[in-house]
Amino acid sequence: MQQSEITAYAERCFGGEPASCSYACPFNLDIRTFLERVSRGRWKQAYKSLRNAVVFPTVVAELCPAPCRGRCQRETLGDAPLDLSAIEHAVVRYTPDRRGEQYALPPKQGSVAVVGAGLAGLAAALGLAQKKYTVTVFEREASWGGALREHEHYERFDEDIRLQFAFDMPEFRYNTEITSLDELRDFDAVFVATGDGGVDFGLTPTFDPKLRNSADARVFFGGGVIGDDAIASLASAADSARMIEVFLQTGKASETYGGYDKRDCGHYVDHAGEPKKPLIVAASPDGYTEDETRAEAARCMQCDCRKCLASCEMLEKYRKLPTKIASEVYTDSGAAPPYSTHMITRETYSCLDCGYCGSVCPEGVDSGEILHLSRVQRAEDGVAPAALHDFWLREMAHATTDAAYVSAGRGKSTCEYVFFPGCQLGAMDTRHVTESYEWLACNFDCGVMLGCCGAPAYWAGRMDLFNDNISSIRSTWETLGRPTFVVACATCERMFRDATPDIAVVTLYELMAERKFIPLSTVNCQLSTVFDPCAAREDTAMRTAVRTLASGAGIALEELQNQGKCCGNGGHIRAANRELFEQMSQNRADESPLPYIVYCANCRDVFDERGKSCAHILDVLFGITPEKAPLIGEKRRNRMEVSRMLREKIEGGNAPAADVPHDAIELVIAPELAEEIDRKLIGSDEMREAIYLAERGGAKFIDADGVCQCSLVKSALTYWVRYKPLGDGRFEIVSAYYHRMRIARED
Amino acid sequence: MDWKCAKCDVELKPKKTLFSYLGNTFSHEVPVCPQCGEVFIPPELAEGRMAEVEEQLEDK
């Protein structure tokens with residue numbers, strides 16, 4: 001995995017970047033943080049962030065034209081921008097100790113001459129003195145301040161300057177005019193800040209704005225002498241001090257990162273729903289009171305994009321933006337335990353891969369795609385925890401082998417359409433497939449293909465299995481004369497659309513709506529809401545068709561507020577993060593108090609588990625009263641039954657049910673216990689097989705009450721069943737559980 | 001110990017047993033048939049400590 005490949009997925013994410021106002025700030029002040037501190041009345045911390053960026057806070061509060069106000073996103077709501085200058089004045093006023101930072105550093109080698117004690121010279125001198133270089137300031141006049149001395153508030157500026165130099169006062173040589181650089185030959189570097197029209201030793205024509213120096217590499221420039229106004233002088237003097245330090249340390253000037261590489265972030269966050277807040281006007285001409293200052297700062301919307309985090313329980317739980325996820329996915333790809341470890345395994349396997357975060361992202365960045373790369377990489381490297389997807393891969397294997405069936409239709413070898421109901425539709429209710437096929441075969445030249453689109457392999461990151469399955473589907477498709485696929489599951493549609501774009505796909509619901517399917521029963525204006533499967537988010541035709549069909553069946557529809565979120569089944573996260581799965585599926589069930597109409601068998605299954613009133617659109621159309629969703633064992637049986645029934649229908653005669661030896665084992669199990677075991681993803685087949693083997697002479701344990709216990713290893717899992725033999729091939733289940741670790745039977 | 005090995009008809013005895021998961025191996029004392037060596041895992045162990053260790057190793 002290349003870092004560039006992975007970071008490319010997230011590079012458009014601007015979450016965590018400075019806000020638009022900070023880009024406009026000459027000092028790159030982190031205005032968000034500053035205002036957040038002010039809003040909480042943290043004067044000292046607020047002052048510190050201001051002072052660290054602007055050097056002389058009182059001067060800047062007075063002189064800065066506040067270009068940030070032109071970039072304040074409050075204006076998008078029609079509000080006045082925040083009054084930064086008034087806030088800065090207030091922060092200065094309410095901070096008791098405004099002395100400069102005291103740095104405990106040892107003295108450094110290197111001496112610097114600063115020529116001119118105006119704003120630029122003072123700022124550079126302060127920066128270098130605080131780093132403990134020997135700084136000497138030469139000033140033609142009898143005191144510092146330069147052009148500032150003319151200002152009506154110079155007294156306040158003078159106090160500010162004194163405070164900032166409180167702990168690091170360089171040597172000031174007043175009444176000393178430097179006319180030749182020869183006078184400064186003993187200094188390692190020179191900073192010339194002689195003001196507008198000041199002496200430049202003939203070097204300003206060679207001034208390099210990036211390196212801040214000139215043809216004489218040790219001579220740096222700043223302030224009015226190079227045309228800067230007061231604010232630009234201050235802002236660039238800090239840069240110059242950094243450059244001079246690099247020069248002192250390395251002997252040559254080189255570019256250091258002094259600010260943002262662009263002047264405009266280009267991104268405004270969507271503030272829809274944010275309440276308007278008018279500008280706080282100071283009651284007194286002296287400026288804001290403490291409360292007014294805090295209230296004005298609290299108008300800051302802390303502009304930063306967190307849309308994906310707010311849209312998804314998983315992203316919200318782990319609080320990571322796509323950029324962070326991308327960097328961790330890359331780091332994980334090189335992890336070699338036990339010396340370095342994977343950082344984001346749980347997150348990787350907790351993602352529904354539903355694309356919802358990408359759909360709300362202003363830039364379309366989908367964290368699921370990034371995490372999917374990680375799943376694929378782990379599977380390829382053999383470090384994926386196999387147990388997390390083992391169950392679904394076995395279900396897929398069942399659907400594509402034992403329960404598979406293909407036919408172009410009675411007496412035919414090719415067909416124009418082929419019905420691909422997917423692995424779950426018939427598993428949930430055989431009639432959904434058999435009745436649909438009945439209708440399709442009457443209306444179209446339609447065959448049938450029972451199998452699986454490969455989503456379980458895709459979500460497990462097992463692209464080897466996924467591609468093998470797709471190849472097999474493609475070759476069947478070729479044999480059938482390249483028919484159009486009729487799918488009943490949005491996930492199947494998504495998988496085919498992405499993996500086999502040349503195969504034409506239409507949904508069953510579109511065909512039914514197009515042919516004006518007459519429902520077998522109608523209900524009278526029952527108010528319901530359609531819960532769209534996540535994979536249908538961008539499929540308007542499918543979503544519209546389902547609504548047309550539901551309305552045609554007499555259902556009154558009300559739209560959901562948050563449409564397009566996954567029910568919880570996506571990505572098959574249940575084994576990796578059951579708690580999160582339950583939280584997500586419950587939240588989806590609670591999106592509306594109305595009963596749901598779904599058109600994804602998995603949504604139906606998930607909502608049934610949550611006790612949500614829910615019907616599949618095919619229940620509605622075929623007049624089927626939705627029953628409790630079948631448990632795992634019944635689903636497998638249903639799948640087999642669909643295969644048998646269609647074979648019988650198409651080929652005639654009596655297709656025998658498959659003969660499975662452990663089917664002779666009859667389980668007696670309390671309904672509540674059966675559901676509890678089902679939630680652990682343990683099927684009745686595993687229990688039957690384990691008991692069958694134990695009762696035929698396999699390993700078995702028994703207690704004084706005659707309760708038995710046995711185990712069964714199935715690929716990545718070891719299942720255990722505790723049961724009571726009741727005689728006549730009947731066994732009462734006491735408990736069933738599994739573990740993922742393997743037992744080495746010798747020590 | 002209430003449980004017996006049904007095949008050997010002997011009571012189980014605690015024995016250090018090796019477990020492995022995701023490339024890590026560790027030992028823990030669990031009930032084992034002293035004769036045939038079959039290992040017995042009770043539900044509270046599988047869904048308790050074992051599940052915890054599995055989760056820790058998956059998170060590594």
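Trainee: Where is Ser715(A) found?

Mentor: In the loop of chain A between β17 (708–714) and β18 (717–727). Keep in mind that this is a predicted model.

Trainee: Why is Ser715(A) called exposed?

Mentor: Count its neighbours. Ser715(A) has 11 C-beta neighbours inside 10 Å. The cut-off for exposed is 12 or fewer, so Ser715(A) counts as exposed. Its phi is near 35°, a positive value in a residue other than glycine.

Trainee: What makes Gln302(A) partly exposed?

Mentor: Gln302(A) has 14 other C-beta atoms within 10 Å. Gln302(A) lies in the loop between α10 (290–297) and α11 (307–311) of chain A. Its phi is positive, about 50°, although Gln302(A) is not a glycine.

Trainee: Why does Leu119(A) count as buried?

Mentor: Leu119(A) has 33 C-beta neighbours inside 10 Å. Buried needs 20 or more, so Leu119(A) qualifies. Its place is in helix α7 (residues 119–130) of chain A.

Trainee: Which residues is Leu119(A) in contact with, leaving aside its neighbours within four places in sequence?

Mentor: Among them are Val59(A), Gly146(A), Leu148(A), Gly223(A) and Leu234(A). A contact here requires C-beta atoms within 7 Å.

Trainee: How do you know that the span of helix α21 of chain A agrees with its number of residues?

Mentor: α21(A) covers residues 463–479, which is 17 residues. At 1.5 Å a residue, the helix should span 24 Å. Its end C-alpha atoms are 24 Å apart, so the two values agree.

Trainee: Which residues of α21(A) are buried?

Mentor: Phe466(A), Asn469(A), Ile470(A), Ile473(A) and Trp477(A).

Trainee: What puts them on the same side of α21(A)?

Mentor: The arc they cover around the axis. It is only 100°, so they share one side of α21(A). Those buried residues pack against α17 (390–400), α20 (455–459) and α22 (490–499) of chain A. On the other side of α21(A), the exposed residues are Asp464(A), Ser471(A), Ser475(A), Glu478(A) and Thr479(A). After the helix comes Gly481(A), with a positive phi near 85°.

Trainee: What does the same span test give for α25 of chain A?

Mentor: Helix α25(A), residues 578–589, has 12 residues.

Trainee: Now the partner chain. How many residues does each chain give to the contact?

Mentor: Chain B gives 27 residues and chain A gives 26. On the chain B side, β1 (4–5), β3 (13–21) and α1 (43–58) each give two or more residues. That side divides into 13 nonpolar, four polar and 10 charged residues.

Trainee: What makes β16 of chain A and β1(B) a pair?

Mentor: The bridges. Pairing takes at least two. Strand β16(A), residues 701–702, and β1(B) have two bridges, so they pair, in the antiparallel sense. Ile702(A) stands opposite Lys4(B) of β1(B).

Conventions
Residues numbered from 1 in each chain as written. Chains lettered and ligands numbered in written order. Predicted model: local features only at pLDDT ≥ 70, side-chain atom pairs only at ≥ 80, totals over all residues. Helix = DSSP H or I, 4+ residues; strand = E, 2+ residues; numbered from the N terminus. Expected span 1.5 Å × (residues − 1). Arc of directions from axis to C-beta. Contact = placed C-beta atoms within 7 Å. Nonpolar A, V, L, I, M, F, W, Y, C, P; charged D, E, K, R; others polar.
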